[in-house]
Amino acid sequence: MASPAAKPAVNASAAPASPTRTNTVVFTLMVAVFLSLLDTQIVATALPHVVSDLGGLDQFAWVTTGYLIGGSAAVPVYGKLGDLFGRKRVFMASIVVFLVGSALCGLAQTMGQLIAFRVIQGIGSGGLFICVLALIGEMFSPREGARYYGWFAITFGAASLLGPTLGGILTDLANWRWVFFVNLPVGLVVLVVVSALLRLPAQTRQKAHIDYAGVVLLVAAIVALNLLTGWAGVKYSWTSPVILGLAVGSALAVALFILAQRRAVDPVIPLRLFADRTFTIVVILSFIAGFIGLGVLNYLVLWLQTVLGLDVQQSGYALTALMLGVVVTSWLSTKVIGHSGSYRWFPALSMAVFALAGVLFSTAGPDTGVPLTVVYVMLFGIGAGLNSQALSLAARNTASMQDIGAVQGTTNLMRQLGTGLGVSLFAALMTSRLGTGLHERLSGEAGARLNKDGSLSPEVLGRLSSSVRAEVVDIYADSLRATFYAVIPIALIGLVTALFLKDVKLAGGHGHGGAESE
C-alpha cells in the first residue's frame, strides 16, 4: 500500500484542466449528489398522496426503507467496481440506474411495484454518492480535494432545506409522480456534462476479477443487518424468531464474507487496508459518528414535540439549527484542513462535542426553555459536521490510487451501519424505560386512555388533563434521557479512539485528472 502521504502518480500526457472546467465538473457532480440526497427528503412529503392513490398503508414505510437498503448495499460494491473498471464509467452507469428507477417509480401502479422500483432507485443513489467521492479523490490530491469535499456540506444543506418544500410544491401543482420524474431532466444534464468535460488520466489496469461471492455475501449481510436494526425492538421483540434469525444470518454472512475476501483476487473490501492504523481508526470512528450523529436524530424530534410540546412546523424550525451546525462546521473544517493539511484533531473534537451534548440533554427536562434546547440540538449538528468530511479526507489520505473506491465505500458503509444500529439501540432503551414508567406511574382511566389511543403524540397529550399530561411528559422526558445517557460513553470511546490518529499531513501536489475539452 502506498504510504499515507504518498502522491499518486500523475499522467504526464493529460493536459491540465482550466479552473472553470474543473469547477463546472465538480458542480455537476454535486448536482448528482444533490439528487441522491434529495430523494430521501422529497418523497416523504408526497407519501400521504401516494397511499391515497395506490393504497397499501401497511407497506408505505418500505417506500423509504427500500431506498435506504438499496443504497447502503450498493455503496461498497460501486466503490470497488470503480477501482476495477474506471470511476467515470461506473458513475455513468449508476446515474443511469438511478434515472431508470426514478422513471419506474413515477409509473408505478401498485404499492408493491413502487417499493421494488425504489430499491432500484436506491441502488443507483448509492452509486452516485460513493462514485462522486471517489472521482474527487482521483481528480485531486487529498489536500487539493479538501476544498471540494466542503461542497458536500453545502449540498447536504440544500437538499435538507429544499426537499420537503419541493415535494409539497410538485405534489400540489402536478401529482406525486413528479417527485420522481423531476430527476430525469436534471440527471440527463449531469450525464451530458460529465461525459463531455470529465477526462481522467489513463491508467494501466490488469484484468479485472469480479468477486462475485464477496458481492453476494456483502449484500446479504447488509440487508440482514438493516432489517435487524430497523425491526429489533420496534416491529418485533429482540427475542423473536425473526430477529434471532436475522442476527444469526447476518453474523454468518459476515463470517463467510471475510473468508471470501481472504481468497479473492480482487476483494470487494481488501483486508490489507486494515493493516493501516489510520484507516482502521477512521472505520471505527465512522461507525461511531453514524451511531450518534444520525442515530439520535429521531429522538431529538420526539423531545421537541413531546417534551416541549412543539408542533411539526416548529420542531422543523428547531432542527434547522442542527442542519446549520452540520453545514457550517463541515464547510469550515474542510477549509482549515485544506489550509493546514492536518485533519487529526477534528474527529476528537467532534466526539467531545457529542459527549457534551449528551451530558446537557441528560440534565434537561420539560422546564428547559426552547432557545436553550435549540442550542443543545445545534451541538449534535456541530459534532456531526466536525467529523463528516474530516473522516473522508483521512480515509482518502490512506488510499493508493487503485483503492480509493474501496476505502471510501468501506468508511461510508460503516457510517450507515452505525446509524442503523444506533436507531435500534436508542429505540430499545427508550421504549423499555417508557413502558416501565407508564406502568409504574400511571394507572386507571389515564393509563387506559393512553392504551386506547395507542400513541403519545402531541395531539393525544393535548386531550389529557393538565395533571396527567404533565406526568406523561415527565415520563417521556425521563425515557428519552436514557438515549442521551447512552451517547456519553459511546462518544467518550470515540474520543479516546480519535486520539490515536496519527498527525499525517494531507498529500499535496497536482491533481490526478480533471475536466478538459475534446
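Q: Which residues line the second largest cavity, and what makes them lining residues?
A: The second largest cavity is lined by Tyr-78, Gly-79, Gly-82, Arg-87, Ile-130, Cys-131, Ala-134 and Gly-405. A cavity is a set of points, on a 1 Å grid over the protein atoms alone, where a 1.4 Å probe fits but cannot get out, and lining residues have an atom within 4 Å of a point. Helices α2 and α4 (111-139) are the elements that give two or more residues to this lining. The model is predicted: local features need pLDDT of at least 70, side-chain atom pairs count only at pLDDT 80 or more, and totals for chains, interfaces and linings use all residues. Residues are numbered from 1 along each chain as its sequence is written, and side-chain values use heavy atoms, with hydrogens and water left out.

Q: How is the lining of the second largest cavity divided by class?
A: It has four nonpolar, three polar and one charged residues. Ala, Val, Leu, Ile, Met, Phe, Trp, Tyr, Cys and Pro count as nonpolar, Asp, Glu, Lys and Arg as charged, and the others, Gly among them, as polar.

Q: What volume does the largest cavity have, and which helix gives the largest share of its lining?
A: Its volume is about 60 Å³, a volume being the space filled by probe spheres set on the points, which are joined across faces, edges and corners. Helix α2 (residues 61-85) gives the largest share of the lining, four residues. The lining as a whole comprises seven nonpolar, no polar and three charged residues, including Lys-80, Asp-211 and Asp-266.

Q: Why are α13 and α14 called roughly antiparallel?
A: The axes of helix α13 (residues 345-362) and helix α14 (residues 370-398) come within 8 Å and cross at roughly 160°. Angles over 145 degrees count as roughly antiparallel, and α13 and α14 are therefore roughly antiparallel to each other. The contact of α13 with α14 has 18 nonpolar, five polar and no charged residues.

Q: How do you know which residues Leu-217 is in contact with?
A: Contact means heavy atoms within 4.5 Å. Leaving aside its neighbours within four places in sequence, Leu-217 is in contact with Ala-253, Leu-256, Phe-257 and Ala-260. Leu-217 itself lies in helix α8 (residues 212-231), a helix being a DSSP run (H or I) of at least four residues, numbered from the N terminus.

Note on methods. Axes are lines fitted to C-alpha atoms, for helices over the stretch in contact, and angles run from 0 to 180 degrees between N-to-C directions. Angles under 35 degrees count as roughly parallel, over 145 as roughly antiparallel, 65 to 115 as roughly perpendicular and the rest as oblique. On a 1 Å grid over the protein atoms alone, a cavity is a set of points where a 1.4 Å probe fits but cannot get out, and a pocket is an open set with protein on both sides within 12 Å along at least five of seven lines; lining residues have an atom within 4 Å of a point.
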